[in-house]
Amino acid sequence: MSVAQTQLTLRLTPQEIYRFDNFLFAKPETSQALDAFCSLDSMNFLYLSGEVGTGKTHLLIACAEKVQQLGFRVIYLSMEELIATAEPAVLQSLEQADLLCLDDLEAVAGHKEWEVALFHCFNRLHDTNGHLLVATEHSPANMTIELPDLRSRLATGLVYQLTNMSDEQKQQALMLQSQSRGLSMSEEVAQYLLRHYGRDMPALMQVLQRLDKASLQAKRKLTIPFIRQVLA
């Protein structure tokens, strides 16, 4: 099975923009570590953990695209989607990639065949000097993976914890995302979105995608009356 056969296409819409420069890093050291990791000339294994909505998928895709633009072979996989649609054998030959990005790693816990296949995949990647970036909701110590060897392998990664953002940081993140889409969002509009459309960042990003599309079609700025009209 070739790398091309195992690579999954990212189901991104034109409104989905995942880059490092439009991600609000709570800790500068996380940004510095990812930037260094993307050169693929230093650390081989980076482990991102954080609750839902902390931006793990954003960072994995941003890293995958940046490394791919440098001419390296990259594979991004969501373990949750993979377990639901494929067999453990799909993890064979992934060591051909220069960088393997595994999202939703917690999904493998309790699936014995997948745990074993993932352990062997990690070993093959290590033997070929490949690079591994994983993201999961739990730290290595709190993962409920049953295979001891896999738990030990996960513990060798350099761990960075992503934290939930404050309301002020979410407001800044909305404005930063809007700017990357060519939209101008005022503080007043960002505060309005947080007050009326929840504080869950994935949900807010979906709202922003709708507003981006509507603004482009109507050639309107992001004002509160326009937002009410679009999201009514």
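The axes of helix α9 (residues 201-218) and helix α10 (residues 224-231) come within 10 Å of each other and cross at roughly 105 degrees. α9 is therefore roughly perpendicular to α10, a term that covers angles of 65 to 115 degrees, with those under 35 degrees counted as roughly parallel, those over 145 as roughly antiparallel and the rest as oblique. Axes are lines fitted to C-alpha atoms, for helices over the stretch in contact, and angles run from 0 to 180 degrees between N-to-C directions. The contact, defined by heavy atoms within 4.5 Å, joins V207, R210, L211, A214, S215 and A218 of α9 to F226, I227, V230 and L231 of α10. Its residues divide into eight nonpolar, one polar and one charged. Here Ala, Val, Leu, Ile, Met, Phe, Trp, Tyr, Cys and Pro count as nonpolar, Asp, Glu, Lys and Arg as charged, and the others, Gly among them, as polar.

The model is predicted, so local features need pLDDT of at least 70 and side-chain atom pairs count only at pLDDT 80 or more, whereas totals for chains, interfaces and linings use all residues. Residues are numbered from 1 along each chain as its sequence is written, and side-chain values use heavy atoms, with hydrogens and water left out. Helices (H or I, at least four residues) and strands (E, at least two) are DSSP runs, numbered from the N terminus.

Helix α8 (residues 187-196) has V189, A190, Y192, L193 and L194 as its buried residues. Buried means under 20% relative accessible area, exposed over 50%, and partly exposed in between (1.4 Å probe, protein chains only). These buried residues of α8 pack against α7 (167-180), α9 and α10. After α8 comes G198, with a positive phi near 85 degrees.

L204 lies in helix α9 and counts as buried, at 1% relative accessibility. Leaving aside residues up to four places away in sequence, L204 touches L174, L193, L194, Y197, G198 and R199. Between L204 and L91, 113 residues apart in sequence, the C-alpha to C-alpha distance is 33 Å. A232, in the segment after α10, counts as exposed at 90% relative accessibility. The C-alpha atom of A232 is separated by 14 Å from that of Y192, 40 residues away along the chain.

Positive phi values also occur at two residues that are not glycine, L40 and S93. L40, with phi of about 55 degrees, is in the loop between α2 (28-37) and β1 (45-49) and is buried at 11% relative accessibility. S93, with phi of about 75 degrees, is in the loop between α4 (79-85) and β3 (99-103) and is buried with a relative accessible area of 17%.

The second largest pocket holds about 180 Å³ of space. On a 1 Å grid over the protein atoms alone, a pocket is an open set of points where a 1.4 Å probe fits, with protein on both sides within 12 Å along at least five of seven lines, and lining residues have an atom within 4 Å of a point. Grid points are joined across faces, edges and corners, and a volume is the space filled by probe spheres set on the points. The lining consists of N44, F45, F122, L125, H126, N129, G130, L132, R153 and T156. Helix α5 (residues 112-127) gives the most to this lining, with three residues. By class, the lining has four nonpolar, five polar and one charged residues.
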